[in-house]
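Please look over the structure below before reading on. The report takes up a helix and then a sheet.

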Amino acid sequence: MSEFLPPSSESEFENNFKQIKPLMNETEAYYESSRCLFCYDAPCINACPSSIDIPLFIRQINSKNPLSSAKTIYDSNYFGYACGKVCPTEVLCEGACVYNHQDVKPIEIGRLQSFATDKAIRSNKQLYRLPPSNGKKVAIIGAGPAGISCACELKMLGFDVDIYESKEKSSGLTVYGVAPYKITNKEALDEMDYLENQFKYKVHYNKAISTKAQIEELEKKYDAILIGFGLGKTSMISISGEEKENCFGAVEFVEKLRMTHHKTNVPKNVIVLGGGNTAMDAASESARMGAEKVILAYRRGKEEMGAYDFEYDLAKGVGVKGIFNVSPLEILGNGKVTGVKFIRTQIVNGKLENIAGSEFTESCDWVIKATGQSKQVELLKMMSGISIDAKGRIEVDQETFQTKNPKYFAAGDAVSGGQEVVNAAAEGRKAARGISKSLSK
Amino acid sequence: MADLRSNLAGIKSPNPFWLASAPPTNSGYQIMKAFDAGWGGAVWKTLGVPVVNVSSRYGALNYRDNRMVGFNNIELITDRPLADNLREIEEVKKRFPDHAIIASLMVETREQWHQIVKDAENAGADGLELNFGCPHGMCERGMGSAVGQEPKVLKMIVEWVKEVAKVPVIVKLTPNISDITRPAMAAREGGGDAISLINTIQSIVGVDIDNFVPYPVVDGKSTNGGYCGPAVKPIAMNMLKNCAQHPNINLPISGIGGIENWRDAVEFILLGATNVQVCTAVMHFGFGIIREMKAGLENYMDEKGFKTLDDFRGKALPNIMHWEDLNLKYKVVANINEEKCIGCQLCYTACEDGAHQAIGLSSDPLNRIPHIIEENCVGCNLCSLVCPVEDCIEMERRDDGKQEITWKDRTLAGNIPTTFDDELAGGRHHWVPEPEAALVTPKPVHYRG
C-alpha cells in the first residue's frame, strides 16, 4: 500500500496535496516579522531575482500595515503572492538570510510575502493609479509570469495592452505547471484577477497565435510585441517505444493534474525519467495521487541532478525511489507501456558511457518523461529577424529584452530556456521598460 | 493622496519626520544622506563650545530577543569646531532648500547665546532648538537639564535668545522634572515659538554583575546616562498630552521619545504633536526606516480620509479626562474564545495571582481551556494583555450604556466612601477568597515542594 490513497474527491485531493507553505495567521506573521533584523544592503534582496525590498515589506507587516507591505512587494514583482508560495526560497532569499550564519532558522520570507499580498488581494484595494493612455499599443503573446508582468508595467507606463493566451486561464505555469502542493489553482487565479482589475489590460483567452497571417496582423496593429509564450511540449528523447500509450511528458502530466485534480487516474507503477525539478514534481505528484511504486530514473549520479536538494527530499519524503546512473534504452509494451529497459552508465574521462551488458528491466504502467521541453522554433521562424541561439533560446538585449527585430521583445522561459516564475516576472517587467524606452525614442 | 507637509511654528518641511539632535545629526554627511533617504528635517547635533567625549558611550536594555528596547548614552554635545558645523549647515541647506534644518544650541552666557544664534542663522538654519534637556555631563556644568529644571533660568535664556533670533525658536524640555508644564509655560513666557519633548531620562541602564559597574563602562567606572528608545514612549506621550492639553501653553509641539514606525508617529500627532523627531530607531536601523514611516502614515491618512496632518492633530486629546470624570457605570468582562485558546493558562495564573481570581480551570485535566468566572471579573484587561493569541480574549461590554455616573458626580452627591470600613467601599460586595484557601487550591505538580 502506498502512503497516499488515490483521491476520489476534491477534498481528498487537497489533503494529499497539502500546501507546503500554508498561509500564516496574524500571530505567526507578527512573530516572524518581529525577527527580521532589517539588514542594511540586505542579502535577501540581492538574492531575489525581482529585487523585492524584503526588509521593508516585513517591517510593514510588523507595524500592521499589510497593504503598504503588499505594495512594496508588487512595486518589484507583480507575482508577489505566487512567488511567495512557489519560489525556491531555500536557495534564494531565505537561503541568503544572515540568520543562516548563526545557525538560527532564517526568516520565512516566502510565507510572509504571501501573507501580505493575500491581504491586498482579499481587500481588492486599488494599490496603483494608472496614468492616462499614451496611445501606443503593445501585444503580448502568452499570459504567463513574463507576459502578465510586462502588461502590468506597461499599463503603469501608459500603454494599451492586449494579451493573447492560447489557454483558458492566465498565469501560465503558475496554474498549469507548478506542483499543486505549492499553490492552488484558486490562489494563482485570484492574484491574476486582482492584477487584471487593477491594471486593466485585456486578455484574449483561447487565442493561440500560430499562423503567419496572425503574426502579420499583430505586427500591423501594434507598436511592439512581447514574446512571452515560454516553451513548447516535452521533447522527444528518441528511444524506441516512446510513442506508446501511457508514455508522455511531465509538463503535459502536471497540466492535466492541475486541471482535473482527483479525476486524474494515476496507475500503480510509474517511472519518471529525468533529474530536474520537473522530474521531482512529477514523481512526487504521482505518489500523492496514490501510485504505489514511483521510480525516478536519472542517467547520471545523484549529485549531478539539476533539481534542488529540497525538491528531491520532498519526493523521497512521499516514497519516491531514486535510481541513478541508468539510461533508458527502450519503452517496452505492446501498444501500452509495460516497462522500461535500462542500461547502467558510468562516467569515463568526463563522458557518460553505457556499461555493456548491464541492461535490466523495470516494469511500470506509465512513463513520464521529464527530460526537457522543446523550444517553439517553428513559431519563432514566422517572426522575421528574431535570432535564436544553439539551444533555441531567443537572443535579447540583457537590459531592454529587445530581440534582433526591434519590434519584438521577449522575456521568460522563451529567453532563459526555463527558469522560475520569479525570473520570468522580473524579466517581463524589465522588458516593459525596454519597450517604453524604445517607443519613446 | 495625503499631504504630509508639516509646518512647526513657521518651520516648513516636506514631511513631519525629523531627526532629533543626536549622533545621527553629527555631520552634514549624515544629514544629506538622511534627506536623500526621505527625512523631512533634522535638528543638528547640539552646537556650543566643543566638548571632549569618553570612550564607550552607549548602553542598551534588551528585552528577550529584542535588542535596544531602551537605550542610554553618556555622549555630550558636538565635539566638532563650530565653524565646521556652520559650513556644513550651509552646504546641506543649499543642496536641500525645502528641508528643515534646525540648529540645536547649548551655551552658557548671554553673549555666547547671542553669538551662536546669529552664527546659526547666518549659516541658514530654519529654526533654533535650545537644548535644555541633556541630563548627563552638561548639566553638571550648569547647562542642559540644569536649565530645564529651573523654569526661571529657562525663561531668562529664552528671552536672551529672542532678543536676537529672527527664525523660530523651539525650546527642548527635559523630562527629569515632576511637572513638565512648568518649564513649558516658562518657555512660552520667555517668548519661545514652540517646544519639543522629551529629551532623555536620567538612567542606569544595567549593571555588570561580575565587575560591579554599570554600563556603559569607562575604565571600570560609569555614570548616569540619558535614556531613550521605545521604552520611553509612554512617558513622552504623557508629557506631550500634559503640554498639549494645558490651556495656557498653546505652543506647537515637536514630539520626541521612542518613535520607530508610522503608528508611533500617528499616536504622537493624535496627542497634539505637530511633527515628530526620531533618534534611537535610526541609530538601530539606519535612515532607511523612513520608507516604512512615510508609506504607513500616508496609508493611514488615506484610509481615514485625512488630507493634512492638521486634520487629525490632537484628535485623541478630548478623550483624555481626569480619572474623576470617567464613567463608573461602564462595565466590561473578559471572554475567552475557546476555539482560539491554545491552553497556555497564562490568563489563569495572571488573574489568579496577579488580579482578582476571576478565571477558573476545568476539573478535567485534559481540558486546558480556562473559563471566566464572570461575577468575579472586574474587567481589568490583564488576561487579554497576557494572552499570546490575537483576539482570543476580548473584553465585552455588560452595562447597558444608558447610565453614566462619575466619581465627581458621586462626590457632589455625597455618595462616596469616607470612613475606613465604609458601606460604599467598591470592593465590599465583591467576592474575595479566604486566605487559607490559597493552601488548598490545586497546583501543578512542579509547583509543589
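## A helix and a sheet in chain B

In this predicted model, helix 1 of chain B spans residues 28-37, and its buried residues are Gly28(B), Gln30(B), Ile31(B), Ala34(B) and Phe35(B). These residues lie on the same side of helix 1 of chain B, because the arc that they cover around the axis is only 160°. As a general rule, residues three or four places apart point the same way, because an α-helix has 3.6 residues a turn. The face of helix 1 of chain B that is turned away from this buried side carries Tyr29(B) and Asp36(B), which are exposed.

| Element of chain B | Residues |
|---|---|
| Strand 3 | 17-19 |
| Strand 4 | 41-47 |
| Helix 2 | 82-95 |

Just after helix 1 of chain B comes Gly38(B), whose phi is positive, at about 125°.

Chain B also holds an open sheet of four strands, which follow one another in the order 5-6-14-11 with antiparallel pairing. Strand 5 (58-63) and strand 11 (201-203) of chain B are the edge strands of this sheet, since each of them pairs on one side only. From one strand to the next, the twist averages 45°.

How many bridges join strand 5 of chain B to strand 6 of chain B? There are five bridges between strand 5 and strand 6 (residues 66-73) of chain B, and these two strands run antiparallel. Within this pairing, Tyr58(B) stands opposite Asn73(B), a residue of strand 6 of chain B.

Technical notes:
Residues numbered from 1 in each chain as written. Chains lettered and ligands numbered in written order. Predicted model: local features only at pLDDT ≥ 70, side-chain atom pairs only at ≥ 80, totals over all residues. Pairing = 2+ DSSP bridges. Axes fitted to C-alpha atoms, helices over the stretch in contact; angles between N-to-C directions. Buried ≥ 20, exposed ≤ 12 C-beta atoms within 10 Å, placed from the backbone. Arc of directions from axis to C-beta. Contact = placed C-beta atoms within 7 Å.
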